[in-house]
Amino acid sequence: MPGAAQLPLPLPAPQPGAEGADSLPDRLCALLARRGRPLEVGHVAAQLLRLRQCPERLQRRLVAEIVEGDPRLAWLGRDLVGLAPENWSTAELGEATFCVVDLETTGGSPGSSKVTEIGAVRVRGLRIEERFATLVNPGRPIPGVVSDLTGIDDAMVAAAPDIADALPLLVEFAGGDVLVAHNAPFDLRFLNYERRRLTGRYFTQPWLDTLTLARRLLDGRVPRHDLLTLATWADTAVRPVHRALPDAEATAELLVVFVGMLAERGISTLERAVAFGGVGGARHAYKLALAETLPPSPGVYLMRDRDGEALYVGKAGNLRRRVRAYFGPGGRHGRLIGRALERLETIDHETCGSEFAALLREDRLIKELRPPCNRRGTSAPGRYLRLAGGRLQVVGAVRDDGARYFGPVRSQRLLRDGVAALRELYPLDSPDPAERERAAEALAAALDGEPAALGGLAVLLGAALAAGALGMDRDEPHDAPRAALGLLTAVARARRAATRTAVIVEPCQAGAEVFFVAGGVVRHRVEVDAAGWAAPVREGLRALRRHARRASLLAADALDEAAIVEERLRRRRDAPGTLPLAPGWRTAAALEEIGRAVAAAAAVGGPPDEEPAAA
């Protein structure tokens, strides 16, 4: 993806008394000029300070020492670092220049909705100096509800320029001014979506949001914070009427009022005003354009860095809605997702027939790509218990060597502590061969989940606790029983999954997607419609029987997929599309039930609805 452009500013010369050419501020200025856009704190810490495994709070403190010690650098948003506009930290706010913007659109979702009008005014020295306005032909019919609200209809925009011609005019008008809008994330999403689509660039100069300013400055003095209520409160000369230029003019008058209120609080520079009233919570809002071309259907998405390396893999029932949520105002994310968003440059996706298919595809992609910002699914494969010759071992693979194998189990701590407890409970090291054999048989039966053997284990645990014979941790005498029982539970879970046979039917655009589960994982899948389902389903059932004849332990790397299948079966236990197959199941009965599930799924199939339009 072409790099996003920052303000067209030359790199300022180092200030008197600054360090040499290799100082951190100089290197950061050079990095920002080279990248051509502001950078997030985590990106600066990684690229400049080589800190990749550092807490976010410490990252920000270290970067702040660089940014706040050099007038060439500035915070351009929450944790967003860039080259400072001219006189950024010293010019009086009342003398600053702003470009106040308002848009009218066909709906609320960039991409599926289009701009119908752009209005902007330049405010310099707290006075409106210039105005810009143009209708925009959206290239599609304007919904009646939008025309009723704005008064803009298809006839009015028929001869207007399209967005490819109109947007460069706004870019030229705005120049490097601080941009202002009411509910700025809305306008920012549309403008950056269209600018990136047309040129590969973004609006990345500082923004002020009068909605955020109103919420922080008025403190309950108005019942609502919509533009009309605020304009009435401020008694603006121009009142908003859902047209771009009048609404931009009303926002500009409101801005002038807020500048005075900011001054009363001692906030008198652009730098401090943007820090106080920037686009709240939208730290990565300018990247929202990356999400707007995603379809509203189930699938997986891959966040990639500038080198194309996968950062994070996720799944969604509605790709577009899920990915957009990362960039919305007020969005909160964990440390790893925050790191992915900081380095994010492109988003790839794959559509899937159903959300369940997306879950499975996500699991396999995570294992294949091992992205650094995913936690689930990136841990090591499970390991097995091997019981042979009176020895209980932990091994990484199953071999055809006559030994008994159990598992797999992923938790290394559980394997370590559980095996230690079982070795103390069962005399596998007895000098008496007969006793060793009896102990091994009893342990094998317990690991196989035989009720009598589990009862015998309970007796052994009680006796060992009473005698103080479990020496794992004298301060925590229940650790050994907990570890032993936890290990047996994990083995039982893997054993249950390995014997699982089932059919899962999910709605999809084609009608229904049918998943055939054998040995705990999906062995076969088909997409069918209500008319032609029988033959593909018969083939799937034949595949189940083939795998059932080769029943074995769960594969070491299949624990996540088995857990996904088990959770789906649990959550949809009573749903018509969930069909566990007991031993001895018959094809005819299975076909009849699957047919009913396919008909039900096809009746509700299709992708999720597109998000509702909002003018």
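Visitor: By what is a pair of aromatic rings described?

Guide: A pair of aromatic rings is described by how far apart the centres lie and by the angle of the planes. In this predicted model there are 6 aromatic pairs. One of them joins Tyr301 and Tyr312, with 6.2 Å centre to centre and 40 degrees between the planes. The pair counts as tilted, because planes under 30 degrees apart would be stacked and those over 60 edge-to-face.

Visitor: Which parts does the pair of Tyr301 and Tyr312 tie together?

Guide: Tyr301 belongs to strand E9 (residues 299-304) and Tyr312 to strand E10 (residues 310-316), so the pair ties together parts that are 11 residues apart in sequence. Both Tyr301 and Tyr312 are buried. Together with Tyr326, Tyr301 and Tyr312 form one aromatic cluster.

Visitor: Where does the charged end of Arg545 sit?

Guide: The charged end of Arg545 is placed over the ring of Trp585, 3.7 Å from the centre of that ring. Arg122 lies over the face of Phe173, with 4.3 Å to the ring centre.

Visitor: Is Thr236 buried or exposed?

Guide: Thr236 has a relative accessible area of 5% and is therefore buried, as the cut-off for a buried residue is under 20%. Its place is in the loop between helix H9 (227-234) and helix H10 (244-264).

Visitor: Which residues does Thr236 touch?

Guide: Leaving aside residues up to four places away in sequence, Thr236 touches Ala231, Ala250, Glu253 and Leu254.

Conventions:
Residues are numbered from 1 along each chain as its sequence is written. This is a predicted model: local features need pLDDT of at least 70, side-chain atom pairs count only at pLDDT 80 or more; totals for chains, interfaces and linings use all residues. Side-chain values use heavy atoms; hydrogens and water are left out. Helices (H or I, at least four residues) and strands (E, at least two) are DSSP runs, numbered from the N terminus. Buried means under 20% relative accessible area, exposed over 50%, partly exposed in between (1.4 Å probe, protein chains only). Contact means heavy atoms within 4.5 Å. Rings of Phe, Tyr and Trp (its six-membered ring) pair if their centres lie within 6.5 Å; planes under 30 degrees apart count as stacked, over 60 as edge-to-face and the rest as tilted. A charge sits over a ring if NZ of Lys or CZ of Arg is within 6 Å of the ring centre and within 35 degrees of the ring normal.
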